[in-house]
Amino acid sequence: SDHGSLQAEFGVAVLGTETSLTYRTRLGRNTLPGDDDWTPYSPRRTQAFGLLPHGRYTLEVQARDRNGLSGPTSSLAFTVALPWWRSLGGISLWIAVAGLVFYLGTKTVAARSRRRERHLEALVAARTTELKTREQQLSVAKDQAESASRAKSSFLAAMSHELRTPLNAILGFAQILRHDTHLSDKSRSQIDIIDRNGKHLLETINEVLDLSKIEARKMELRPGPCALRQLASLLTETFEPRATAKGLTFRVEIGPGVPPWVIVDEAKLRQVLFNLLGNAVKFTDAGEITLALAAPAPGAVRFAVHDTGPGIPVGNQAAIFEPFHQGPDHQATTTAAGTGLGLPISRQIVALMGSRLELDSIPGRGSRFHFTLALEPTTASAETSPAYRIDGYDGPRRHLIVVDDVASNRAVLTEMLRP
């Protein structure tokens, strides 16, 4: 039987009488039960008892014949023991198994922790090695970049000298020939073309050199006294004829409060305004060009160049400040192709001055480039003097020696000094 259950089989050891007998049973625990605990008489010779709690039991059986006579009571004493897992030994075993499981679990967790720690240490070592390798690569790349930058600077300096040397002769003789009164109009026009294109090539060389200086962070400001109205007059003398030749109106607006003299790098400021005005005249076919100076606050001057040109779409406004960028309509609007360096250099120069070159533009209505500089007002410089054209000297006739290692330079100087 299953643990805690009991099935008893009984009978009378008298041949031929088993079929006429009936039986009753009763089960007592620890003490004998009373008469009312007997089961009813039944011809069944088996009796099943369900799951019994542990303890001592007594099973009693009594037989009765068909005449109602009862026989003696037979009894069987037995004990139902505790399940092994509920015994002291079983509980001890459970405790031991639990301890073993805990111990093994602890060892497993510790082993996993050690493996993870070793894995993390390996990752850290690998990352450290990778970082050191990258640092070495960056150091090598930096050295290579610096070496390339020095090589580029040396190359540009050498090329600048090689290009300027023949340009000196071209521009020098063009200037000398323009003063020749015997030239025909056709020859004078051809000389103007030589002079104009030579100056354009010189400007291109200067722009490339300026960009190289900016990239190498070698461009420096040389602030000094600057007469803003005189600068505006110089710009007018330069760009008004160009604008008029295209049928454009050139205007200069100087607002109230703009100081007559300020401390600024005049050459750099003039370079920026020359570039902005040159682009405005170049890309505007109808309307007007305006140079405006205003004082939005004490100690500040805003410079702005307006044009009524085609304007620049918003999507292209950032690109025009990239080096060597050419607008999509550039060749259609001008035959004097530029390098695409003017605006990037101008923005860098303005940034070097502590400001930012901004653009407001509406396609079909024109563009406005502007920037505001913090400028310290000053008085007129004592060193400032009007420019004169030197065409001779007073005194006795003298002999001059022209010394230069380039024959074309000697020829230009000789012709310029010849009476």
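Which residue in S8 is the bridge partner of Pro225? The model is a predicted one, and in it the partner of Pro225 is Ile263.

S6 and S8 pair in the antiparallel sense over four bridges. They belong to an open sheet of three strands, ordered S6-S8-S13 and paired antiparallel. Strands S6 and S13 stand at the edges with a single partner strand each, so one side of each has no neighbour in the sheet.

Helix H3, residues 228-245, lies across S6 and S8 and runs at about 60° to S6.

The largest nonpolar core holds 40 residues, and those touching the most other members are Leu228, Leu269, Phe303, Phe369 and Phe371. Both H3 and S8 supply at least two residues of this core, as do the elements in the following table.

| Element | Residues | Supplied to the core |
|---|---|---|
| Helix H4 | 266-283 | at least two residues |
| Strand S9 | 288-294 | at least two residues |
| Strand S10 | 300-307 | at least two residues |
| Helix H7 | 342-352 | at least two residues |
| Strand S12 | 366-374 | at least two residues |

H4 gives the most to this core, namely seven residues. When neighbours within four places in sequence are left aside, Leu269 is in contact with Leu228, Leu231, Val264, Phe303, Met353, Phe371 and Leu373.

A second, separate core has 13 residues, among them Ala8, Tyr57, Leu59 and Val61. In soluble globular proteins, nonpolar side chains tend to be buried together.

Key: Residues are numbered from 1 along each chain as its sequence is written. This is a predicted model: local features need pLDDT of at least 70, side-chain atom pairs count only at pLDDT 80 or more; totals for chains, interfaces and linings use all residues. Side-chain values use heavy atoms; hydrogens and water are left out. Two strands pair if DSSP finds at least two bridges between them. Contact means heavy atoms within 4.5 Å. Axes are lines fitted to C-alpha atoms, for helices over the stretch in contact, and angles run from 0 to 180 degrees between N-to-C directions. A nonpolar core is a set of buried Ala, Val, Leu, Ile, Met, Phe, Trp, Tyr and Cys residues joined through side-chain atoms within 4.5 Å. Buried means under 20% relative accessible area, exposed over 50%, partly exposed in between (1.4 Å probe, protein chains only).
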